[in-house]
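Please open the structure in the viewer and keep the selection panel at hand.

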Amino acid sequence: MEDAKTSGPPFVGALLRLCWQNVRAKIREAIRGHGFTDLQEPHFAIFSYPLPDGVRPSELARQLRMSRQATNYLVGQMEALGYLERRVGSGGDRRVIYLTERGRRVAEVLYSCLRELQMQWAQEVGQDRFDVFLEVLRQLGAEQTRSF
């Protein structure tokens, strides 16, 4: 027999989206609070795990699940703002994307914000439950993260 809590909406996708929107709002607030007011919502994709440091543009496009054209446009914007740079890689003539010092500072703010949010959520639901939650997410996301 199905439990009423698990048989109807909101389903897992909606619940994950709602949590993600909460995370995204915290990230936006932290980044703006540290003076990075030139970043727009689409730019946040660049700071997704794993960070684009030493990655080819085509690989970044695959990680972001964006077209190469859209990714190159976004990378160009981030270069103009001073968060990324494209350099020739050490193994040939292909260009590779690297974080600048400014980009690394954004990543530090982002990671600090996420650590704080995880501590807050662990306090709200209990550390043991939160640890199980993270392990379940890691397990369910394992196939996807292996490709990085």
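Begin by selecting Cys19, Trp121, Val125, Arg129, Phe130 and Phe133, which line the second largest pocket of this predicted model. Colour helix H5 (101-125) and helix H6 next, as these are the elements that give two or more residues to that lining. H6 supplies the largest share, namely three residues. The volume of the second largest pocket is about 160 Å³.

How many disulfides does a search of the whole structure find? The search returns zero. The sulfur of Cys19 has its closest cysteine sulfur in Cys113, 14 Å away, which is too far for a bond, because a disulfide requires the two sulfur atoms to lie within 2.5 Å. Seen from Cys113, the closest cysteine sulfur is likewise that of Cys19, at 14 Å.

Are these two cysteines buried or partly exposed? Cys19 has a relative accessibility of 35% and counts as partly exposed, whereas Cys113 is buried, with a relative accessible area of 13%. The cut-off for buried is under 20%.

Helix H2 (12-33) and helix H6 (127-146) are the elements that give two or more residues to the patch. Finally, centre the view on Leu16, which lies in helix H2. With a relative accessibility of 44%, Leu16 counts as partly exposed.

Methods
Residues are numbered from 1 along each chain as its sequence is written. This is a predicted model: local features need pLDDT of at least 70, side-chain atom pairs count only at pLDDT 80 or more; totals for chains, interfaces and linings use all residues. Side-chain values use heavy atoms; hydrogens and water are left out. Helices (H or I, at least four residues) and strands (E, at least two) are DSSP runs, numbered from the N terminus. Buried means under 20% relative accessible area, exposed over 50%, partly exposed in between (1.4 Å probe, protein chains only). On a 1 Å grid over the protein atoms alone, a cavity is a set of points where a 1.4 Å probe fits but cannot get out, and a pocket is an open set with protein on both sides within 12 Å along at least five of seven lines; lining residues have an atom within 4 Å of a point. Grid points are joined across faces, edges and corners, and a volume is the space filled by probe spheres set on the points.
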